[in-house]
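Visitor: Could you walk me through this one? Keep it brisk, please.

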Amino acid sequence: MARFVLTRLVQSLAALAILSVVVFVLARATGDPLHLILPMSASEEDFANARKYLGLDRPYVEQYFSFVGRALTGDFGTSLRARRPVGELIAQRLPNSLRLAAFAMTVSLLIAFPLGVLAAVWKGTGVDRAAQIVAVLGQSLPTFWIAIVLIEVVAGRLQWLPAGGIGGLSSYVLPGFTLGWFVVAGMMRLLRSGMLEVLDSEYVKLARVKGVVEPRVVWVHALKNALIPVVTFAGIYFSILVTTAIVVETVFAWPGLGRLAYEAISSRDFPVIQAVVLTTAAIVAVVNLSVDCVYALIDPRIRYAR
Amino acid sequence: MSADAAGGGAVAGAIPAAPARRRMGLRGRRLPVVSLAIIGVFVLAAIFANVLSPGDPEEQSLRNRFTPPVWEERGTWKHVLGTDRLGRDLLSRIIWGSRVSLTAGVLTVLLATAVGAGVGLVAGYHGGRVDTVLMRITDATMSFPVILLALILAVTIGPSFINVVIAIAVILWARYARVIRGQVLTLMELDFITQARIAGASASRIILRHLFPNTLNTLVVLTTLQVGYVIIVEASLSFLGAGIPPPTPAWGSMISEGRDFITSAWWVSFFPGLAILLVVLAFNLLGDWLRDTLDPKLRQL
């Protein structure tokens with residue numbers, strides 16, 4: 001087990017290293033950021049000074065290594081636009097994003113679990129059909145569109161909930177649901193098909209024959225094994241959540257990492273771009289790593305296969 | 001991620017059942033008529049946009065701005081779905097927009113399929129170090145949020161149709177590579193590959209003539225399911241201003257243009273969104289149907 005975790009850890013680190021190079025190169029290719037931060041009237045000399053001050057005149061390789069070295073200590077340089085340490089910006093925005101993601105994930109789990117299990121148990125009934133509709137709509141609705149419609153109807157016309165920004169629990173509802181729906185759809189489908197398969201298996205029949213009460217058969221015996229594919233895909237769902245968050249945070253004016261990324265990209269603020277992308281990738285990597293470990297713990301076949 | 005382990009196991013069970021499925025063919029199930037009809041309508045609209053479109057999608061007429069759809073008060077038959085902020089006819093823009101969305105969707109998916117299937121076949125066939133390296137690259141790619149990369153690329157090289165296609169395909173291929181590799185790994189255990197080897201078939205012959213045809217069903221299912229996803233990502237990018245640049249009518253940017261007027265002119269944002277919903281829904285339902293028909297063991301995709 002220790003070996004498995006170690007191997008996966010090294011692989012994740014390697015992936016992050018490759019990513020840091022890609023991000024660095026791409027960020028440098030976005031054009032000269034000085035054109036955006038200096039006034040139109042700036043002279044050649046001003047440009048040269050600014051370049052020197054920001055360290056943009058040094059060779060790229062040197063810039064890269066000093067970037068990595070400092071990034072490891074949490075120092076991502078200074079935002080070109082906000083003129084503040086990038087680490088500070090991230091530290092300020094990250095908790096908001098994590099809170100929203102946690103809320104969305106909780107809502108998704110609360111909806112997806114009962115719905116997925118019941119759809120399988122009551123296959124072909126109204127519940128099953130309703131679940132299928134929720135699932136297929138979740139995968140087909142453009143997030144940004146449903147966000148606008150919700151803002152207009154629920155926040156605008158009905159005035160039930162705030163339209164954007166971060167505040168009390170009520171401000172989480174609209175962005176949280178918008179963000180969570182896509183995940184609900186995928187998870188519910190996985191759970192339903194997993195349950196259908198498991199409910200048909202020998203050991204579930206044995207449990208029934210032994211006289212285990214039906215709710216226990218479904219929610220304990222069957223669900224345990226139907227969970228395996230859900231755990232496998234949990235990592236993928238998380239990165240989908242992170243991606244969707246960029247759009248959702250932008251529409252709902254949510255002061256999170258996704259919105260920060262959007263703002264940074266539109267103003268070519270590349271220290272911020274680098275930091276956001278790497279932070280996001282690191283979070284995704286950590287989540288994937290833990291998912292793999294959980295997976296190896298509950299399913300011994302994985303441990304020995306590698 | 002360990003998706004391949006689960007996928008591999010599932011596919012292994014699928015192989016012996018293959019002849020029975022083939023005999024039943026596509027006729028064993030009812031065709032998804034509604035999905036096919038919706039896709040058909042949008043494909044026709046995309047191909048014959050210049051004939052079907054009632055007006056010029058880029059022609060502005062400030063006097064007619066924010067004309068509501070025909071069934072509302074003030075609506076006219078001249079602009080069935082109303083007009084936008086610049087008085088452009090929404091129906092015409094949606095029809096021309098279907099050309100952009102469908103081409104982007106199909107082109108991206110084809111590109112991703114070609115690269116992903118190639119990588120998956122090679123990795124699965126060679127195994128060992130080749131497999132390890134290719135799969136690590138695949139993992140790294142998969143952990144990268146698509147929209148983030150597309151946004152960076154859009155700002156780097158500038159927003160354009162081709163850049164959107166490339167940006168999405170650069171990430172999307174990894175999904176194909178994973179699934180196809182898992183399938184190839186189980187195929188490699190089967191006798192017909194060993195026999196082909198003994199008969200002296202070259203690596204490229206085994207990959208192209210023996211392995212590739214056996215992954216076709218999966219590829220068709222995956223491709224159909226991904227078209228909808230790509231259309232949504234493309235629309236999201238256009239919505240964020242990093243997709244297809246104006247004045248080309250793209251559904252995503254149309255929604256974004258109407259966003260500020262949602263209270264006074266809901267139709268500007270509503271109809272392009274409805275178009276996206278219909279197309280993506282149709283592709284997803286068709287993909288589900290294909291999967292259930294061709295490859296029931298792929299249920300989790």
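Visitor: Let's start with Ala150(B). Which residues is Ala150(B) in contact with, leaving aside its neighbours within four places in sequence?
Guide: This is a predicted model. In it, Ala150(B) is in contact with Val164(B), Ala167(B), Ile168(B), Leu237(B) and Ala242(B), leaving aside neighbours within four places in sequence.

Visitor: And which residues touch the most other members of the largest nonpolar core?
Guide: Ala150(B) is one of them, along with Ala147(A) and Ile168(B). That core holds 167 residues. In soluble globular proteins, nonpolar side chains tend to be buried together.

Visitor: On to chain A. How many helices and strands does its secondary structure come to?
Guide: Chain A has 13 helices and zero strands. Its C-alpha trace spans about 85 × 55 × 30 Å along the principal axes.

Visitor: What share of chain A counts as buried?
Guide: Of its 306 residues, 41% count as buried. As for contacts in chain A with a separation of 6 or more, 72% come from residues 24 or more positions apart.

Visitor: Now the interface. How many residues of chain A are in contact with chain B?
Guide: 47 residues of chain A are in contact with 39 residues of chain B.

Visitor: Which element gives the most to that side of chain A?
Guide: H10(A) does, with eleven residues. The elements that give two or more residues include helix H1 (2-28), helix H8 (170-199) and helix H12 (270-298) of chain A.

Visitor: How do the residues on that side divide into nonpolar, polar and charged?
Guide: On the side of chain A that touches chain B, 30 are nonpolar, 14 are polar and three are charged.

Visitor: Switching to H3(B). What should its 15 residues span?
Guide: At 1.5 Å a residue, helix H3 (residues 33-47) of chain B should span 21 Å. Its end C-alpha atoms are 21 Å apart, so the two agree.

Visitor: Which residues of H3(B) are buried?
Guide: Ser35(B), Ile39(B), Phe42(B), Ala45(B) and Ala46(B) are buried. They cover an arc of only 125° around the axis, so they sit on the same side of H3(B).

Visitor: What do the buried residues of H3(B) pack against?
Guide: They pack against helix H4 (49-52), helix H5 (90-126) and helix H12 (267-294) of chain B. On the other side of H3(B), Val33(B), Ala37(B) and Gly40(B) are exposed.

Visitor: And Val34(B), buried or exposed?
Guide: Val34(B) also lies in helix H3 of chain B. It is exposed, because its count is 12 other C-beta atoms within 10 Å, and 12 or fewer counts as exposed. Val34(B) and Arg291(B) are 257 residues apart in sequence and 17 Å apart in space, C-alpha to C-alpha.

Visitor: Last topic, confidence. What pLDDT does chain B average?
Guide: Chain B averages 79, and 87% of the residues score at least 70. Over residues 1-25 of chain B, the pLDDT is below 50. This stretch still has 35 contacts in the model beyond near neighbours in sequence.

Visitor: Which element of chain B has the lowest mean pLDDT?
Guide: Helix H1 (residues 3-14) of chain B, at 37. H5(B) has the highest, at 90. The model scores ipTM 0.75 and pTM 0.80.

Key
Residues numbered from 1 in each chain as written. Chains lettered and ligands numbered in written order. Predicted model: local features only at pLDDT ≥ 70, side-chain atom pairs only at ≥ 80, totals over all residues. Helix = DSSP H or I, 4+ residues; strand = E, 2+ residues; numbered from the N terminus. Buried ≥ 20, exposed ≤ 12 C-beta atoms within 10 Å, placed from the backbone. Contact = placed C-beta atoms within 7 Å. Core = buried A, V, L, I, M, F, W, Y, C linked by C-beta atoms within 7 Å. Nonpolar A, V, L, I, M, F, W, Y, C, P; charged D, E, K, R; others polar. Expected span 1.5 Å × (residues − 1). Arc of directions from axis to C-beta. pLDDT = per-residue confidence, 0-100.
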